[in-house]
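This briefing concerns a predicted model of a protein chain. The points that follow are grouped by topic and are intended to be read alongside the sequence and coordinates.

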Amino acid sequence: MACSSAVPKFSVRRRPAVLVAPAAPTPRELKRLSDIDEIDFVRNQIPVIQFYRRNESMGGKDPARVIREALAKALVPYYPFAGRLREHDGWKHAVDCTGEGVLFVEADADVGIEHFGDPLLPPFSCLEELIFDVPGSSAILNTPLLLFQVTRLACGGFILGVRLNHTMADGVGLVQFLGAVAELARGAQSPSVLPVWKRELLEGRNQQQTGLAYDKLDEVPNTGGDTDTMASSIMLPFDTAVHRLHNFFFGPREIAAIRAQLPPDLQQRATKFDTIAGWIWKFRTVALAPEPNKVMQLIVGVSARGRNTSGLGLPIGYYGNAVAFPAAISTAGELCTNPLSYAVELVKKAKNKVDMEYMRSRANVIALHRGQSPPFNSGMYNLVDETKVRFHSLDFGWGKPVYAGPAEVVIAPFPVLWSFLLASKNTNGEDGIVVPICLPGPAMDRLVEEMSNCTLQPK
């Protein structure tokens with residue numbers, strides 16, 4: 001099928017989708033999801049994409065066949081992925097481990113990897129051709145939980161597109177599974193990390209006592225309202241007449257320039273994420289120019305893995321959703337007029353809230369208010385660090401990917417409210433982090449200028 005996008009066209013020839021079942025018999029059972037898996041905004045399908053160059057050492061092996069055979073083997077220990085999600089007890093969801101399998105599409109494109117840009121970054125042209133929405137497969141219930149598409153390229157490289165039913169796993173959990181597929185593809189006899197279900201660890205235990213750890217974003221006063229000028233251009237679907245998408249690159253030079261604005265003590269304590277997130281939150285707010293009393297919230301994705309409380313943490317191999325979204329909160333006036341250290345300290349404070357007690361408190365709130373999602377408002381901004389997920393480490397035998405991570409960065413319904421940190425290179429081949437940001441045109445001009453001013457400051 002020919003791509004119909006405005007970018008240069010290419011053709012993709014797909015074979016009919018097939019189901020890949022586990023390579024050996026697996027248990028037939030019902031496995032309940034955790035309350036964290038049940039949160040409303042993970043009830044969706046998330047696409048990820050990986051680009052691989054030709055590798056002469058693979059001797060002309062077919063990546064579709066290699067990955068398909070490894071996938072069948074990986075589905076033996078990870079057999080819940082081969083099942084189907086069902087309603088359970090009227091409101092909970094559970095995986096019916098039927099062993100039916102996951103969808104697999106094999107395809108060929110008449111272009112090389114260079115067609116998709118240099119550096120490779122989303123948004124990608126004709127994504128619908130690279131992760132094909134097999135008719136009838138996109139519902140959350142009663143459909144395959146994973147979709148794989150391997151597209152061979154004319155240059156000898158290939159693209160691996162994967163679509164995940166997000167209720168089953170977060171990004172780290174998906175990479176754990178794909179890592180198992182990659183190890184088996186390279187010849188391992190079994191995955192080095194065995195899967196652990198144990199979703200009961202993140203179930204609400206006392207739904208009447210929600211604790212203090214959970215950020216009730218729907219209860220944060222927003223005194224600026226969503227009737228202001230800023231809100232009118234933010235709370236809209238992506239529109240090229242209104243919005244602009246720009247990739248901000250943070251390499252060693254940019255990060256050093258930002259750190260130079262912090263006190264010496266904070267320079268030592270602040271992580272790379274703290275530094276980038278604090279800078280973006282502050283100067284994005286300056287660029288948007290909201291009313292001074294408007295409440296601004298930076299919501300950061302923080303994994304609970306490795307954050308033990310009295311030794312009661314998530315075990316190695318846990319692949320369910322285990323990400324919390326604590327919020328750094330400030331009025332726009334304080335955020336804009338205080339030094340950068342103010343924003344960075346708030347980011348650190350928000351991240352440090354997350355431990356197992358926080359996660360269980362969050363699970364209690366989800367169980368107590370099931371079906372109720374905190375409303376989005378124009379003061380919110382979500383920032384997720386995909387560099388920690390390590391999609392870029394996945395090697396199926398062809399080496400590490402040129403790009404691996406989210407296939408989309410314009411997130412519906414409000415793209416201005418979301419950004420990802422992505423591992424990438426600049427046009428000089430320098431390693432760093434790219435943050436695609438969507439803003440109304442005038443605000444984007446101001447943020448680009450602020451970035452330029454920052455990196456031009458003497459150090």
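Leaving aside its neighbours within four places in sequence, Gly204 is in contact with Asp35, Ala363 and Asn364. Gly204 belongs to the loop between H3 and H4.

**Surroundings of Gly204**

- Gly204 counts as buried because its relative accessibility is 19%, and the cut-off for burial is under 20%.
- The C-alpha atoms of Gly204 and Ser361 lie 7.1 Å apart in space, while the two residues are separated by 157 residues in sequence.

**Overall make-up**

- The protein chain has 459 residues, of which 55% count as buried.
- Its secondary structure consists of 11 helices and 18 strands.
- Of the contacts between residues at least 6 apart in sequence, 80% link residues at least 24 apart.

**Packing of H1 and H3**

- Two packed helices are described by the angle between their axes and the distance between the axes.
- For helix H1 (residues 63-74) and helix H3 (residues 171-185), the angle is about 120° and the axes are 8 Å apart.
- This angle makes H1 oblique to H3, because the range that counts as roughly perpendicular is 65 to 115 degrees and roughly antiparallel requires over 145.
- The crossing of H1 past H3 is right-handed.
- On the H1 side, the contact involves Val66, Ile67, Ala70, Leu71, Lys73 and Ala74; on the H3 side, it involves Phe177, Ala180, Val181, Leu184 and Ala185.
- By class, the residues of this contact comprise 10 nonpolar, no polar and one charged.

**Nonpolar cores**

- In soluble globular proteins, nonpolar side chains tend to be buried together.
- The largest nonpolar core here contains 60 residues, and Phe250, Trp279, Leu298, Val435 and Ile437 have the most contacts inside it.
- Helix H7 (residues 272-288) supplies the largest share of this core, with nine residues.
- Not counting residues up to four places away in sequence, Phe250 touches Ile255, Ile258, Ile276, Trp279, Ile280, Gly432, Ile433, Val435 and Met451.
- A second, separate core has 50 residues, including Ala64, Leu75, Leu85 and Val95.

**Backbone geometry**

- Most residues other than glycine have a negative phi, and most peptide bonds are trans.
- Asp118 and Pro119 are joined by a cis peptide bond with omega of about 0°.
- Another cis peptide bond, with omega of about 5°, connects Pro122 and Pro123.
- Pro119 is located in the loop between strand E7 (102-109) and helix H2 (127-130), and Pro123 is also found in the loop between E7 and H2.
- Lys198, which is not a glycine, has a positive phi of about 40°; this lysine is placed in the loop between H3 and helix H4 (229-234).
- With 42% relative accessibility, Lys198 counts as partly exposed.
- Ala289 likewise has a positive phi, near 55°, in a residue other than glycine; Ala289 sits in the loop between H7 and strand E11 (295-300).
- Ala289 is exposed because its relative accessible area is 54%, and the cut-off for exposure is over 50%.

Terms used. Residues numbered from 1 in each chain as written. Predicted model: local features only at pLDDT ≥ 70, side-chain atom pairs only at ≥ 80, totals over all residues. Heavy atoms only, no water. Axes fitted to C-alpha atoms, helices over the stretch in contact; angles between N-to-C directions. Helix = DSSP H or I, 4+ residues; strand = E, 2+ residues; numbered from the N terminus. Parallel < 35°, antiparallel > 145°, perpendicular 65-115°, else oblique. Left-handed = near helix turned anticlockwise from the far one by under 90°. Contact = heavy atoms within 4.5 Å. Nonpolar A, V, L, I, M, F, W, Y, C, P; charged D, E, K, R; others polar. Core = buried A, V, L, I, M, F, W, Y, C linked by side-chain atoms within 4.5 Å. Buried < 20%, exposed > 50% of the residue type's maximum accessible area, 1.4 Å probe, protein only.
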